[in-house]
Amino acid sequence: MMNAISLKILDKFSRLFHLLGINYITMRQILAIKLTMDQRRVPTIFQDVKQKENSNAFLKSLLLYALYGLVLIPFLIMGDNYLFQMSIVFGMVMFILMTSMIADFSTVLLDVRDKAILNTKPVDQKTISAAKMIHVVIYMTQLTGAFILIPLAVSLFVKGITFSLLLLVEIIFVALFIIVLTALIYMLILRYFDGERLKDLINYVQIFLSVSIIVGYQFIAHSFQFVDYVVSFDWQWWHVLIPPIWFAAPFEWLLLGNQEWYIMLFTALAALIPIGSIFVYIKFIPSFERNLQKMMQTSGSTKIRKHRWEQTMAKLICRTNHEKTLFQFAYKMISQEREFKLKVYPSLGFSIIMPFILLFNVIQTDSNAPYAYLAIYFCNLMIPNVIHMLKFSSKYKGSWIYGVLPIANRKSIYRATLKAFIVKLYLPIILLICTIFLTIFSDISLLPDMIAIILVGIWYIVICYRLINNQHYPFSQPFSFAQNTNTAMMIVTMFVIGGFAFVHFLVSLTSFGVYFYIIVLFISNWISWKKVFS
Amino acid sequence: MRPIKTSQTSVLKIENLTKSFNGKPVLVGVDFEVYRGQIIGYIGPNGAGKSTTVKIMLGLIDKYNGKVEIFGQDIANADVSYKAKIGYVPENGEVYDDLTAQEYLTFVGKMYGMTENAIDYKAKRLMDKFGIYESFTSRISSFSKGMKQKLLIISSILHDPELLFFDEPLSGLDANSVMIVKELMAQLAAEGKTIFYSSHIMDVVEKISNRIILLADGKVIADGTFEQLKEKNEGTLEQIFNELTGFNEHEKIASEIVSIVHEGHKS
């Protein structure tokens, strides 16, 4: 339904496309097909004959974006320090757009099937590229629309028409900028790499982008000093590198009449960079499409990696030979499956950074904060997300292998997988964080608390497994459009972790409480791991 | 080297085609000309450059050296309209499998400039002839390998093309369907369609092709009818293939494999 509307609107511009030398009718047909396929990117295991369209998943995710959008409202209406407020607003907008662009729409930009299916038909490259671009634009419009609609309406009432018009125009610029920026980054990589290495690299860029957006966000917040509730801005050269500030500047200039030179500079950047990048993009499309061919090639032999570390760990923590093998299998899957890494690693980056952000915010207000180490609990927030994702694989059909193998205890498959998660992802991260915390506080007496936190984490892994995916084999379900939106579950698990942190706080009020806590956790771990998998 | 009926119309002509990826040569001077009504068996060991040739002819790879003419047009300067008369079955079965068969065929047909009614009428009956009519409105992702292959064949002939590129068209098909497709190729060729067919199954290539082009290490090392190839070499096409590509160790390798298989059983 919504797609039909999008296409109808697009029809109004058909003349424009003709003018650009694009075969509009063909482009529309390609788009119609692509949009239909998007709608179906929902769990697709047992789909059968003549089923109804289920656009619910996408609609639901739009509703969720609308919900996220509410977060913008306080920053829009709180005052008139626009440079600060709007930087935050645009920071959020860019975060949401960029992450969804990377996570959900990379597949559109990098779909290699297009080559074999579209380019063998009498369709010229220009039309195919245009269809691709418009496809992304439609998706981004729907998403941005959902995200910004309510805040825009509120700003219209509170701030008046000029403000909201300016906001609307800038949002369009931001969206275009994000689309083109993502595409340009891919182009750059595709130029220099090929085959499997390239896919890995794209994967890392996706992860890096997601993480850097989170970090960048902190930079925005720290670009402003709060002195006596007055926000002041001190010009630094690196502010030029933070796009949200560019987009905030026009508000400062047009609505408040601030004509500082750097405000003008930012405004110019906000206008020129997006437009300029579109031209660069159009110029490079042909070479992009050519390089896309590389995605299908496999580069030569790769060097054989040693995996002594996994083998040693497998021997240490797995009992049967089957379990050892399954452990190594899961270990490899976790470290090599791209889709899995793409969905999981950004949230890992987040859980590394979160404790420190919290720590620094606490230290800023109270420099000796004795319970600051409890911030490490935030790291445990990654657990439910990862456990949830362990069910999925882009090659889920390969899971027939579990069925044909002579494995007596089917639950050992998951036990091995969870162990692999602990060894490969959980322990390295939490140990890193604990070490840094210990170094910062240079207080070895925190060590028992750290141990307790790690034990909680390991216990929590079994609990989450029980709650979230008891019955499935690991890596046996297809990734789908909507599975990221398990918000209710995330909130519940957040409270549970908060509960653990609170118990820890209570326990540490007594003198030897922590040691007692460790013993209790140890026993509960032992019992749970035994009971759940027998 | 140029065999059979040169008086006929040339459909496809490749002259001194070379192509390398990142400095690694894949094609080192390929030459051949294909005439109307021929069924070309295009064979060669893995990595010989077969797919690359086909992809260049389809316009999926540009930046090559040499000349490729299809229907008398140099495809390097031609617009895409020559593709309207080509049908293609891709090697890896690439298909938008979130769509239903009906949607996919309608889409492909429209891309070739057919009207929706014509497509639907034709597609339904073709699906019926291939015995998969009841899956017309099912999603392709639920198809078996054979069904998917049938669908790809249908989508390649739906628009009545003059030139067909079949890359392993029989993979996944049952014996009866294989017979249909083989007969289909023969009849289409008799009508004057040209079929460019690559496969690793030598028996089939031997039987259905009226000309065989053998590619190895990026160049054509044999070109002619099966009879012509037999004049120079003995045996079946499979044996000729092994001989020309310098491979005669299959027995030795197989027995080595068997002995390796027997190793390493603990219990």
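Helices (H or I, at least four residues) and strands (E, at least two) are DSSP runs, numbered from the N terminus. I am working with a predicted model, where local features need pLDDT of at least 70, side-chain atom pairs count only at pLDDT 80 or more, and totals for chains, interfaces and linings use all residues. Residues are numbered from 1 along each chain as its sequence is written, and side-chain values use heavy atoms, with hydrogens and water left out.

**Entry 1: a patch on chain A**

I looked up a nonpolar surface patch. Leu156(A), Ile161(A), Leu165(A), Leu168(A), Ile172(A) and Leu176(A) form it, with about 520 Å² of accessible area together. Nonpolar side chains (Val, Leu, Ile, Met, Phe, Trp, Tyr) are joined within 5 Å if their residues have over 30% relative accessible area and no salt bridge. A salt bridge puts a side-chain nitrogen of Lys or Arg within 4 Å of a carboxyl oxygen of Asp or Glu. Areas come from the Shrake-Rupley method with a 1.4 Å probe.

Helix 9 of chain A (residues 161-192) gives the largest share, five residues. Leu156(A) sits in helix 8 (residues 125-159) of chain A. I noted Leu156(A) as partly exposed because its relative accessibility is 39%; buried is under 20%, exposed over 50%, partly exposed in between.

**Entry 2: strand 9 of chain B**

Next I checked strand 9 (residues 211-216) of chain B. Six of its six residues are buried. One side holds Arg211(B), Ile213(B) and Leu215(B); the other holds Ile212(B), Leu214(B) and Ala216(B).

I then looked for its partners; a pair needs at least two DSSP bridges. Strand 3 (residues 39-43) of chain B runs parallel to strand 9, with four bridges. Ile40(B) has Arg211(B) as its bridge partner. Strand 10 (residues 219-224) of chain B runs antiparallel to strand 9, with five bridges. There, Lys219(B) partners Ala216(B). Strands 9 and 10 of chain B form a hairpin with two residues between them, and Asp217(B) in the turn has a positive phi of about 50°.

Key
Chains are lettered from A and ligands numbered from 1 in the order in which they are written. Buried means under 20% relative accessible area, exposed over 50%, partly exposed in between (1.4 Å probe, protein chains only). Patches are made of residues with over 30% relative accessible area and no salt bridge: like charges are joined within 9 Å, nonpolar side chains (Val, Leu, Ile, Met, Phe, Trp, Tyr) within 5 Å.
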